[in-house]
Amino acid sequence: MISICCILALGLFSPALAKEFVGGGNFTGGTHGSIAESLTPRDTLGPGEKELDRRSTELNGQICQSVTGIESTLTNDTHTFTFNVRSMGSLSLAWVGDGAGVLLVLTTFQVPMFMMRFGQSNLYRSEDYGKTFQDVTHLINHTFVQTEFGIAISPDHSGKVILTGDLSEIGGFRLFRSQDFGLSFVSTDLPFEPLIQMLYNPGDCNALLTLSVMLDLWLSEDFGTTWRKIHSSVCLVRWGPKNSIYVTINSNGSCNDKGKLELKRTNDYGRSFRTIATRVYSFVLGGRFVFASIMTGSGTERMIHVSVDGGDTWNMAQLPTVNHEQFYSILAANQDMIFMHVDDPGDSGVGTIYVSGDRGTVFSKSLERHLYTTTGSDTDFTTINSLRGVYMTSTLTDEGIVETVITFSQGAKWQTLHRPYNSRCDTETTTNRPDRCRLHIHASYSTTMKMNVPMLPLSQPKAVGLILAHGSIGDPESVLSPDVYVSDDGGYSWLLALRGPHHYAILDSGGLLVAVEHTNLPVNQIKFSTDEGRCWYMYNFTNDALHFSGMDSEPGSLSMNVSLWGYRNDFSKWVVITIDFRKLLNRDCGEGDYVQWLAHSADLSDPNDGCVLGYKEHFLRLRKDSVCWNGRDYTVTKQPSPCPCTLDDYHCDFGYYRSENSSECVEQEEMKGHPLEFCLNGTTEQLQTNGYRKIPGDQCEGGFQPDRKEVNLRKMCTSSALYPNSLTEENSPHTAVIVMVVIAILLMSAVTGVWLVKKYVCGGRFLVHRYSVMREHVEANGIEGVDDLDTHSMETGKAQYHDDSDQDLLE
């Protein structure tokens, strides 16, 4: 698992390791430029299918050329290093900086003993992309570093590194801090026992946050030199924009009490806090939005609240046909809009995806029967990073078949995937059940179901249009052993690239793909492609095969080096084999190696061909037959041009939806005859619409312009389930004085009132009042569903996701 800090943990006896990293390849064949896979031509197209003339057909019909000198060239650039790790040990690695070539490896052996843990750690450093390592354990005084703390790398690529040492022998914890890419470390003793890894402020990496085992929140503004406690009873902490900090607070000492949290924010590094929400069930930050699931006060009902000003004001999300006993899940959020899943009633395992407007409050239906089961609470929803506006996920058909769908317009329309042109599907199935011949992409749901899928779909912003993923077509055999498919046009068309499951990586901005077969047998071969997955070649990287555990390269897909991790028969001998492909691609790419490519293109004769989200994009992309090096300085070159507006530039508005295979929006039956009113910032607004709302971020001009107005009816309404009098500013002397004066006045009034009632109303008899007390703010809760890969936040007391949690998963 590689997080934003680029940390990969390889635990020898971890079940997660077996699922995520076990694999390898034992492909038989030559190694001097032989083709690793022989792909068969596609069968006849099924009914309703059409062949798309896209980039995938650039080499259609051509024979893969032999590449000579693979063995001799790569052998000289293959480097092996062995780490000595004791049994029951683990190994973690982290890349430091961007393009610095610095790799840190931490090996840890630890044994729990009563209430303490003892262990041994070794630190290794490489400055040549993992080809050679030096043992630098002396830089941390041979201090034991617990596995869960690992190596904390600053997200600004400035070379900052933090290791948290455990001084079990003498008690206490010690930070080892480096600001020179791990060349030297300075130690600082901590005044507390940390519970989580240090969290860097993404806006200023000298500022650090962490939680102690006592749930106290500690802050450092000088890169860990000095620390101060800024709050207690903290369940979750998250860095926000502009140095802000968001925390959830419990008042009864339990982070598992649902719906009783306070959400607080500080803008001055904890010198003062403001309570911005109460009765919080869960919260998350995404793009410019803050989301909170708030208990309504009636039973277990809760509502999603949205803020676009950091939590100063809130509005209830206007989700149509929402049952508040269902769970919410924020699938994706950016500066423009939100994708939200709402669970269907009952234990159906499916729900509906809604998409928001640019204010995050008004939602409309995007996709029904979206697969989101309670088995492991995983969804296949995937953001495609290599092309704008593209998302992919799975639905569950009425027949109980899992089917992949994709959108190229930020959820405005969804469609199934086209069958790869070189895949097989028998004639009877193609004729009678064409839907069974569709390509299904395996993602998180498949890994939850323990299927033979070692990696999730992979795409990178620098590798335009490129997607690698495991998939299957129809027959049961392919489901048991999925193949690797490649799309080079953002998901419109697909190619069967490798048979059977593999680990894979994108190098040189997509100019080089590498893969290792996923098997329980020892491996000694790697496959690579220089034409985006059409032709694959093999290289024997060792004569002594190893049990493959994982493949890693520097983040960002710019590197030409890939490291293969594993062990041989002795579990204490971890091996890293680093292969440098630079000399194989010994020519720098020139102007003639690139070709202009129109994204989203289907019909060049159509003047609107390639128009998506309001404009066309022309890219310069590497020719498939060009064997050359893009280089680290390669930048994506694109030329946008605006398009006239069409139906495809609009989401269906609140209360409307698109039927299958249609661009028109029709009104939902349950909304007919009802005024479309919603509450925004305390006033009622009426939506006057023809059913269309422009997709947030769409840049089309002219063309189709439907009428749409939001009319302020000037009627007061409740736009939030929050109680205004519970939102307070803390640590302010003026506020404290005002509160004391108010309390004094209220006490005097109460005493005077009681005296008057007793004297004049009750004739001196004591009057007993019976009344109900409004719940002003109930606090404390265990927040569920915050993405564990977000290195700027952390929570405690976290339980497993389940169907009554608001699973706010953000990528």
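Is glutamate 617 buried or exposed? Select it: glutamate 617 is buried, at a relative accessible area of 5% (buried is under 20%, exposed over 50%, partly exposed in between, with a 1.4 Å probe and protein chains only).

Before moving on: this is a predicted model, where local features need pLDDT of at least 70, side-chain atom pairs count only at pLDDT 80 or more, and totals for chains, interfaces and linings use all residues. Residues are numbered from 1 along each chain as its sequence is written, and side-chain values use heavy atoms, with hydrogens and water left out.

Lysine 638 sits in strand β44 and glutamate 617 in strand β43, so the pair ties together parts 21 residues apart in sequence. Strands here are DSSP E runs of at least two residues, numbered from the N terminus. Lysine 638 is also the bridge partner of phenylalanine 619.

Zoom out to the sheet: three strands, open, in the order β42-β43-β44, with antiparallel pairing (strands pair if DSSP finds at least two bridges between them). β42 (594–598) and β44 (638–642) each have a single partner strand, so one side of each lacks a neighbour in the sheet.

Next stop, aspartate 649, in the loop between β45 (644–645) and β46 (650–652). Aspartate 649 is buried without a salt bridge; lysine 694, the nearest side chain of opposite charge, is 7.5 Å away. Its side chain does reach the backbone nitrogen of threonine 646, at 2.8 Å.

Last, select Asp488, Glu532, Arg621 and Lys624: a network of salt bridges links them.

Conventions
Helix = DSSP H or I, 4+ residues; strand = E, 2+ residues; numbered from the N terminus. Lys, Arg positive; Asp, Glu negative; His and termini not counted. Salt bridge = Lys/Arg side-chain N within 4 Å of Asp/Glu carboxyl O. Polar contact = N/O pair within 3.5 Å; in protein donor to acceptor, adjacent residues only side chain to side chain.
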